[in-house]
Amino acid sequence: MSKTAANTPPDWLEARPPTAAALPETVAGWLATLRLQPAASAELGLTLTLLDRLGADADTLHAAMLYVGQTAADEAPPPLTSPAVKLLLEGQAEAEKVWSLWGERGARSSAEGLRRLLLAIIRDLRVVLILLARQLAKMRVAGDLDEDSRRRLAQLTADIHSPLANRLGIWQLKWELEDLAFRYLQPDTYRRIASLLDEKRGDRESFIEEAKARLRVALAEAGIRGDVAGRPKHIYSIWKKMQRKDVPFSDLYDIRAVRVLVDDVTACYAALGVAHSLWSPVPSEFDDYIANPKGNNYRSLHTAVVGPQGKTLEIQIRTHEMHAHAELGVAAHWRYKEGGGGDAEFERKIAWMRQLLESKDGDEDTSLLAGLSTALIEDRVYVLTPQGQVIDLPRGGTVLDFAYHVHTEVGHRCRGAKVNGRIVSLTYAPRSGDRVEILTSKVAEPRRDWLMSGSGYLLSGRARDKVRAWFHKLDQARNLQAGRELLEKELKRLALHQLDLNQVLPKFRMPRIEDLYLSVALGDIGPSQIGRALHELSSPKPEPEPNKPLLSAAKPPKPDRGLTIEGIGNLLTQLARCCQPVAGDPIIGFLTRSRGVSIHREDCPSVQHLAAQHPERVMPVEWGRRGGQSYQVDVLVRATDRKWLLKDLSNVIGVANAYILGVNSRLDPATASAELRFSLRVNDFQQLGDLLGKLSAVPGVSEVRRTP
């Protein structure tokens, strides 16, 4: 390929479709200077023609031209002003990664995984149109390549492009991609089937047109409204049916086929009667998938008849609703043809993409095709092993989830991970296209905090089950000790360690505290669940006292704290600074001389001392139900000193929607340890518990707890 300054534009640029004519002047000038090799020029011209036939918009055509020009030139094109064209160019560049992975993939790697990865990393659906059109253009001129290059191109087409065109319903490209790939991969079989057809493709198409015309007339005479469509079977589809049914060519009755769409089920059977009266049916070649749907809920009537000129003809009859389901639902054409399983969510996305592609033929704006990132691929990510195998994870899944997906033993022995060569924490969530490497130890030893909610280690329920199964195999004494330590650590962190655990046993239907410890150790109950239950049960419950004399009507006061003081309304309240109670804590009020009622936690030493001296000033109080309140708490964090420690902790606090009122830090150079005391403002006990768990997961943190 070369670039000159000639003023005469190349043929492919002159012959571009009218839709692509309005190029920016600087870009058009740059493209006009390109001189492509004849094969590349022919390929680009074919690509533009195919895209125009598919109804592609100007941005799509411009992106196709620019990408070829960009790869052919020695320098980058002029700066682009269209964000849409930039996105389309980026999508084509991303697709090159998939082609590279396909080239290096091992025998165990799945082409299906690469197809899903391709759809996951492309953020604009129009890129798929460009890729398919470019590939078909390459296949049309592949006869000029050497044998190895031609076979490699055909294999890539068969693995990636043909199935995608099939699933997306781009029939204009699908059949030709399949036939050309088959022609170059199995040339002898292709020529044998072609000769067995005993007619050219044009002859078969004329036969179909004759059959359609006669069937339309017969249906009209019978008073049946029906749409008759059809296309001849292609060589690759004929070979697939021969393989699937394990029959010779002479036993196939559906080399030529038409499809009839009617309004209701009754009309289906009426149309079947018309077809059988028009032509003689072939014995044993009738299938009623309406009365007996396939396992994937595919519904239709299939029959074979001896049609015009004495040649066999397959007729499929179904309602418009059945056809829509077969084309866009869980019984989609690709599932029926390819067989095998597939997840319903991915099928839903494929159907959504096909609907977008079909909408471009109507009045819909083609910009809808750019909506892939918001309505698609939001629930799965597709990441790579070091060997290039594609692994799919739920969105938000961590590298530890990835390890357990690869193999249970890899997960048990996981001690670290690298993503794209960079070491990350086990809570890191990779993105589609990332290459993940798991770092393992020699000994399998999962950590119990992997099971704790809020720790962020595992998202997948399947991975959690594998960790639980490992701990179930340990002896009871080890589990008992581990459960006790986990629970005590959590309760101490929440400042609930002085409360009696026996009061939560009925809630969890446990006869003994030891059973509670075992459930925590095995991951059946989370320490945070017990902490929350203990917190709720220890909170004072207001008891009705109908005969108690009141100084004034008992009604909710209007203090800023959202507190209710029993028997007295509209008193000034304030939260005590000594213990800093949070909404949900067991609390008690103490009437001061000048500052109204001071609210303390029940276990606060200060209020206990005051209550002993002035018991008459102690007042029952409870938290009100008003929303939008916040409370100040002090949190202690101990960690190994490192760069960005304070930044990481502050980010976690900010993401949790808590507010930092103040922070004090102290560094011990001898041990390289840091102690940070945060004054925070939180909404309630639940938010505080979640925040403590997230702070504990920050790398280097050894202890996090609430302080009085």
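How many helices and how many strands does the protein have? There are 26 helices and 22 strands. The model is predicted. Of its 708 residues, 48% count as buried. Take the contacts in the protein with a separation of 6 or more: residues 24 or more positions apart account for 67% of them.

Start with a helix pair. Helix H3 covers residues 38-53, and helix H7 covers residues 126-140. Their axes come within 8 Å and cross at roughly 135°. That angle makes H3 oblique to H7. The crossing of H3 past H7 is right-handed. Which residues of H3 meet H7? They are Glu43, Leu46, Thr47, Leu50, Leu51 and Arg53. On the H7 side, the partners are Leu129, Ile130, Ala133, Arg134, Leu136, Ala137, Lys138 and Arg140. By class, this contact has eight nonpolar, one polar and five charged residues. An α-helix has 3.6 residues a turn, so residues three or four places apart point the same way.

Move on to a sheet. Three strands form an open sheet in the order E11-E10-E12, with antiparallel pairing. The edge strands are E11 (422-424) and E12 (436-440), and each pairs on one side only. From one strand to the next, the twist averages 35°. Strand E10 spans residues 414-419 and pairs with E11 over three bridges, in the antiparallel sense. Which residue of E11 is the bridge partner of Lys418? Ile423 is that partner.

Helix H18, residues 399-406, packs on this sheet. H18 touches E10, E11 and E12, and its direction makes about 80° with that of E12. Is H18 mostly covered or mostly uncovered? H18 is mostly covered, with six of its eight residues buried. Those buried residues are Val399, Leu400, Asp401, Phe402, Ala403 and Tyr404.

Four strands lie in the order E20-E21-E19-E22, and the pairing is antiparallel. Strands E20 (659-668) and E22 (701-707) are the edges, each pairing on one side only. Here the twist averages 15° from one strand to the next. Inside the sheet, strand E19 (residues 631-640) pairs with strand E21 (residues 673-682). The pairing of E19 with E21 is antiparallel and runs over 10 bridges. To find your place in it, look for Leu636, which stands opposite Arg677 in E21. In general, strands of a sheet pair through backbone hydrogen bonds, either parallel or antiparallel.

Which strands does helix H25 lie across? H25, residues 645-655, lies across E19, E20, E21 and E22. It runs at about 25° to E21.

H25 also has a helix neighbour, H26 (residues 685-696). The axes of H25 and H26 come within 10 Å and cross at roughly 150°. The two helices are therefore roughly antiparallel to each other. Their crossing is right-handed. Leu649, Val652 and Ile653 in H25 meet Leu691, Lys694 and Leu695 in H26. By class, the contact has five nonpolar, no polar and one charged residues. So H25 can be read from two sides: H25 lies across the strands E19, E20, E21 and E22, and H25 is roughly antiparallel to H26.

Conventions: Residues are numbered from 1 along each chain as its sequence is written. This is a predicted model: local features need pLDDT of at least 70, side-chain atom pairs count only at pLDDT 80 or more; totals for chains, interfaces and linings use all residues. Side-chain values use heavy atoms; hydrogens and water are left out. Axes are lines fitted to C-alpha atoms, for helices over the stretch in contact, and angles run from 0 to 180 degrees between N-to-C directions. Angles under 35 degrees count as roughly parallel, over 145 as roughly antiparallel, 65 to 115 as roughly perpendicular and the rest as oblique. A crossing is left-handed if the near helix is turned anticlockwise from the far one by less than a right angle, and right-handed if clockwise. Contact means heavy atoms within 4.5 Å. Ala, Val, Leu, Ile, Met, Phe, Trp, Tyr, Cys and Pro count as nonpolar, Asp, Glu, Lys and Arg as charged, and the others, Gly among them, as polar. Two strands pair if DSSP finds at least two bridges between them. Buried means under 20% relative accessible area, exposed over 50%, partly exposed in between (1.4 Å probe, protein chains only).
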